Amino acid sequence: MTAEELETALERAARWLRVSERVCVLTGAGVSAESGVPTFRASDGLWEGHRIEDVASPEGWDRNPALVWNFYNARRANVATVKPNPGHFALVAMEDRWDDRFCLVTQNVDGLHLEAGSVNVLEIHGSLRKTRCLGCGAVANCGIEPLSDTPDCSVCGGRLRPHIVWFGEGLDDDVWMKALESADQCDTLLVVGTSAVVHPAASLVPIARRKGATVIEFNLTPTDASVYADVGLYGPSGVILPKLLQRLG
Ligand code: OAD
């Protein structure tokens, strides 16, 4: 998109946002790319060198939990070295503006939205910074420091697993219902840095659209969500989101 097209699109997006009562945001790996967290489907993507079924599935876990923890400890080590970028901070500033009428639904497990200061965040795919006990079910914050390859629950002594949604698993019902409600009720949905190919997360876009929301897409390129977008803002979200924030005044 040319600089002129971008300016026009930014102005349209700002006009819609200014009159929006409720805002929902769906983010994916692209929002953290400029922080240095690899996206999933890029050629240097995260799964490269790992068989998904070994490290991100219930079957892989049953076969070799230590290997799975090893993989997630490596991802945690990567995230420990990165910081939120201006895209994350622009979303914090937007939440300040809309307060509890702003909801950020993220597919990311890196915890960078919370680290940046976003409050109303739904981590629908879980978090690298949380564990879940297979004995008592307790979900606990574990920070980003390395854990052992076979960590145990401090409450009941049970085995801990990463609190991450793996392939073949469903989302947490409560978290997903809140995400649906937010998409259903918003006037504007921002879709940021996601290829929009993983469901049910991607279904939030048509759901919001059908309810009459304006959809604004932020990505490097058009995606499967573009067909629902009223405006596409194509460029790095760490640059484009702050530009939009500035326009909002
Ligand atoms: P993907 O890797 O599928 O898509 C990342 C998107 O970000 C792509 O559309 C890129 O074009 C875009 N992108 C890259 N850099 C960007 C930048 N600087 N600014 C804006 N956009 C940028 O990641 P997700 O859509 O998040 O699920 O993947 C969805 C889910 O697939 C993940 O949550 C994960 C995976 O399977 C689970 O682990 C359950």
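**Notebook: chain, sheet, rings**

I began with the radius of gyration, taken over C-alpha atoms. For 249 residues a compact globule would have a value near 18 Å, and the chain agrees because it has 18 Å. The globule rule I used is 2.2 Å times the number of residues to the power 0.38.

I noted the ground rules next. This is a predicted model, so local features need pLDDT of at least 70 and side-chain atom pairs count only at pLDDT 80 or more, while totals for chains, interfaces and linings use all residues. Residues are numbered from 1 along each chain as its sequence is written, and side-chain values use heavy atoms, with hydrogens and water left out.

I looked up the extent: the C-alpha trace spans about 55 × 35 × 30 Å along its principal axes. Buried residues (under 20% relative accessible area, 1.4 Å probe, protein chains only) make up 51% of the 249.

I then listed secondary structure as DSSP runs, numbered from the N terminus (helices: H or I, at least four residues; strands: E, at least two). The chain has 10 helices and nine strands.

**The sheet**

I picked an open sheet of three strands, ordered E5-E4-E6 with antiparallel pairing. Strands pair here if DSSP finds at least two bridges between them. E5 (139-141) and E6 (160-164) are the edge strands; each has a single partner, so one side of each lacks a neighbour in the sheet.

**The rings**

I counted rings of Phe, Tyr and Trp (its six-membered ring) as paired if their centres lie within 6.5 Å; planes under 30 degrees apart are stacked, over 60 edge-to-face, the rest tilted. That gave three aromatic pairs. Phenylalanine 71 and tyrosine 72 have centres 5.0 Å apart and planes at 80°, so I logged the pair as edge-to-face. Tyrosine 72 and tryptophan 166 have centres 6.4 Å apart and planes at 35°, so that pair is tilted. This second pair links distant parts of the chain: tyrosine 72 sits in helix H5, and tryptophan 166, 94 residues apart from it, in the loop between E6 and helix H8 (173-185). Both tyrosine 72 and tryptophan 166 are buried.

My last entry is the cluster: Trp61, Phe71, Tyr72 and Trp166 form one aromatic group.

Methods:
Buried means under 20% relative accessible area, exposed over 50%, partly exposed in between (1.4 Å probe, protein chains only).
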